[in-house]
Amino acid sequence: MAALTPISRTPVSFYLPVVAIAGGFAGLLVGTAQGSSMFGVFVGAVVMAVIAYLVTQVMSNEKVSRWGLIGLMLIAGFLFGGIPGAVIGALFGWFFGWFTFWLFEGRYRAKIAPYLTPGQVLWHFTFRVICGAIFVFLITPILVVMPLSFNAEDFFTFTPEMLRFDPAGYSLKHYQDFLTNSDWQNALRNSLLIAPVATFLSVSFGTLAAIGLSQPHVPFRRAIMAILISPMIVPLIISAAGMYFFYSRIGLQGTYLGVVLAHAALGIPFVIITVTATLVGFDRSLTRAAANMGANPVTTFFRVQMPLILPGVISGALFAFITSFDEVVVVLFVGSAGQKTLPWQMFTGLREQISPTILAVATILVVVSIALLTVVELLRRRSERLRGMSPG
């Protein structure tokens, strides 16, 4: 794609301080791991500033400079931290090689509008850095758990063998325990029994509610909508306590039906929101045309309306399923030992026996959640194409 803005090399006074700041942040991470944060910041800033000056002002070949920086950082990382340090060092070398020449050659302005002021350009990239930092903050705990699930020892920390990438430090025994342990299998079976039924109820009631509330003649639509989505807003512990006292009086506490209904109540708001968003672009003249042709309301719904709002319905169903499958607070209140679900078993493992099998189960749940959210995103894009909101 052609550049939006002509680019040219920037002065040393611009890119050197920026690289130094980035180097200071990298030094902060390394220094904190070594027990000396401020020293790491100082050394990281100075070293990266010097390297940036050398590769841009002394060396003339960008490709050689970048590969040389990767090799240099790889060797330094290996000397300080072995193989893991070498991997991290190589990644740092690749990033700073790209970042330095990205600034030095002025490529940072290549794909932004030419009329932006320096302050606007600064905010343009600062905003992206903030978003990236938030993403890293949220995703790091998940990335830590996944390799720990392959730990050959019964520890919740990385062993020296794992840090050396020694095959002896890795094992599938925690996954084997999950697949063979009766407690875990009973919990998985309960989750697979409860979540689909709760999802079906959530989709049925939530879709009908969304369609009804989308009609302009329905009185008190906003108040009804607020009540229906309140389980998403009210703190979960309050909802769980209220369900416990209510279910105790009507005999549903400690039953499968009680847990299913509770999870359905938690999933309905997600269905209502996604289906309502899909109905925003729905052409109501289609239903009127179907009625004029003699179709009854049920036929019109399943043959005309449902195919067009199906992406929203499926998205809501996936969110409801994830909510039911991952929920632990409500089931602790309204369920009994016979309805112990997978998250409940994980909670018990943390509280009573510190079982590393929890890490394997968490990894499986993360993979399942990623797959389901990927499906949700694909359905969202399909819905936008059907409604003409994005190119086909």
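**Spaces, helices and a salt bridge**

Analyst: Let's start with a cavity. This is a predicted model. The lining of the largest cavity divides into six nonpolar residues, one polar and one charged.

User: How many cavities of 30 Å³ or more does the structure hold?

Analyst: One. Its volume is about 40 Å³.

User: Which residues line the largest cavity?

Analyst: Phe321, Ile322, Phe325, Asp326, Leu365, Val368, Ser369 and Leu372. The elements that give two or more residues to this lining are α13 (297–326) and α16 (357–386).

User: How does anyone find empty space in there?

Analyst: A probe the size of a water molecule is rolled over the atoms, and that shows where empty space is left.

User: OK, pockets now. What volume does the largest pocket have?

Analyst: About 1200 Å³. It is lined by 29 residues. Nearest the centre of this pocket are Ala22, Phe95, Phe99, Phe125 and Val129.

User: Which elements give two or more residues to that lining?

Analyst: They are α1 (12–34), α3 (62–104) and α4 (118–148).

User: And which one gives the most?

Analyst: α4, with 11 residues.

User: What about the classes of residue in the lining of the largest pocket?

Analyst: There are 25 nonpolar residues, two polar and two charged.

User: How much space lies in the second largest pocket?

Analyst: About 1000 Å³. This second pocket is lined by 29 residues. Val30, Gly31, Gln34, Phe80 and Phe92 are the closest to its centre.

User: Which elements give two or more residues to the lining of the second largest pocket?

Analyst: α1, α2 (37–58) and α3. Of the elements, α3 gives the most, with 12 residues.

User: How do the residues of that lining divide by class?

Analyst: Into 18 nonpolar and 11 polar, with no charged residues.

User: Then at what angle do α7 and α11 pack?

Analyst: At about 45°, with their axes 6 Å apart. That angle makes α7 oblique to α11. Helix α7 covers residues 182–213, and helix α11 covers residues 256–279.

User: Is the crossing of α7 and α11 left-handed or right-handed?

Analyst: Right-handed. The residues of the contact of α7 with α11 divide into 19 nonpolar and seven polar, with no charged ones.

User: And how far apart are the axes of α7 and α13?

Analyst: They are 8 Å apart, and the helices pack at an angle of about 140°.

User: Last topic. How many salt bridges does the count come to?

Analyst: Three. One of them joins the side chains of Glu105 and Arg9, at 3.3 Å from N to O.

User: What does the pair of Glu105 and Arg9 tie together?

Analyst: Parts that are 96 residues apart in sequence, because Glu105 lies in the loop between α3 and α4, while Arg9 lies in the segment before α1.

Methods: Residues are numbered from 1 along each chain as its sequence is written. This is a predicted model: local features need pLDDT of at least 70, side-chain atom pairs count only at pLDDT 80 or more; totals for chains, interfaces and linings use all residues. Side-chain values use heavy atoms; hydrogens and water are left out. On a 1 Å grid over the protein atoms alone, a cavity is a set of points where a 1.4 Å probe fits but cannot get out, and a pocket is an open set with protein on both sides within 12 Å along at least five of seven lines; lining residues have an atom within 4 Å of a point. Grid points are joined across faces, edges and corners, and a volume is the space filled by probe spheres set on the points. Helices (H or I, at least four residues) and strands (E, at least two) are DSSP runs, numbered from the N terminus. Ala, Val, Leu, Ile, Met, Phe, Trp, Tyr, Cys and Pro count as nonpolar, Asp, Glu, Lys and Arg as charged, and the others, Gly among them, as polar. Axes are lines fitted to C-alpha atoms, for helices over the stretch in contact, and angles run from 0 to 180 degrees between N-to-C directions. Angles under 35 degrees count as roughly parallel, over 145 as roughly antiparallel, 65 to 115 as roughly perpendicular and the rest as oblique. A crossing is left-handed if the near helix is turned anticlockwise from the far one by less than a right angle, and right-handed if clockwise. A salt bridge is a side-chain nitrogen of Lys or Arg within 4 Å of a carboxyl oxygen of Asp or Glu.
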